[in-house]
Each structure stands twice: as C-alpha cells, then as structure tokens.
Amino acid sequence: GDILNSTTTIPETEVIVSNPPYVLNSEKELMHTNVLAFEPHLALFVSDNNPLIFYKAIIQKAMKSLLPKGKLYFEINERFGKETIDLL
C-alpha cells in the first residue's frame, strides 16, 4: 500500500514490520548492480530533501494501530539512525 496516502490505514495489530524506501537519491551510485537490477527504484530511493517521510507516516499510523505492548520494526538508513530514534 501507499503509506503516504491519507486514506491508507493499518489494521489493529501487535507487530508492524516495514522496509520503506530509505536510500537517498544521491546515494544511487553507491548501490550494487544486483540490487538495482532486481528492486524497483520506487521501493529503494527517497528524496534527499525529506529522507524520513515514510518513517513519519508509518509512525503516525502505527500509533493508532498498534495494540498495547505492540512492536514496530523497520530497516533504516544508518545515516539517519538518531533522527529515526528521535521520531519514535
């Protein structure tokens, strides 16, 4: 689903696992060919101007959907580890 769409919802759940786009557009040249050949660019790359856009949307929707003691996991760009923690 499109997590950025305002009508997208996450049903109540105990666990959310996400691997949103987190590679900056400016990091494309650092990617291995085997990744670029088999993954859609839409699933990999995010704007350099707003690299945490998907995390903000997921967190906002997760707060409404996770059951008590629920868990949220995502893969992140290590470059934005502290900023991601701050969002949480």
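**Salt bridges, a helix and a core**

The structure holds 2 salt bridges. A salt bridge here is a side-chain nitrogen of Lys or Arg within 4 Å of a carboxyl oxygen of Asp or Glu. This is a predicted model: local features need pLDDT of at least 70, side-chain atom pairs count only at pLDDT 80 or more, and totals for chains, interfaces and linings use all residues. Residues are numbered from 1 along each chain as its sequence is written, and side-chain values use heavy atoms, with hydrogens and water left out.

Start with Glu27 and Arg79. Their closest N and O atoms are 3.2 Å apart. Helices (H or I, at least four residues) and strands (E, at least two) are DSSP runs, numbered from the N terminus. Glu27 counts as buried because its relative accessibility is 14%. Buried means under 20% relative accessible area, exposed over 50%, and partly exposed in between (1.4 Å probe, protein chains only).

Now take the other pair. Lys82 and Asp86 meet through their side chains at 3.0 Å, N to O. They are 4 residues apart in helix α4, so about one helical turn separates them. Lys82 is exposed, at 57% relative accessibility. Asp86 is exposed too, at 54%. Side chains of opposite charge can pair when their charged atoms come close.

Next, look at helix α3 (residues 53-65). How far apart are its end C-alpha atoms? They are 19 Å apart, which agrees with the 18 Å that its 13 residues should span at 1.5 Å a residue. The expected span is 1.5 Å times one less than the number of residues. Buried residues of α3 include Phe54, Tyr55, Ile58 and Ile59. Among the elements that cover the buried residues of α3 are β1 (13-18) and β4 (66-74).

Of its 15 residues, Ile3, Tyr55 and Phe74 touch the most other members. Helix α3 gives the most to this core, with 5 residues. Beyond its neighbours within four places in sequence, Phe74 is in contact (heavy atoms within 4.5 Å) with residues including Tyr55, Ile58 and Ile59.

Finish at Lys69, in strand β4. Its phi is near 65°, a positive value in a residue other than glycine. Lys69 counts as exposed, because its relative accessibility is 79%.

Conventions: A nonpolar core is a set of buried Ala, Val, Leu, Ile, Met, Phe, Trp, Tyr and Cys residues joined through side-chain atoms within 4.5 Å.
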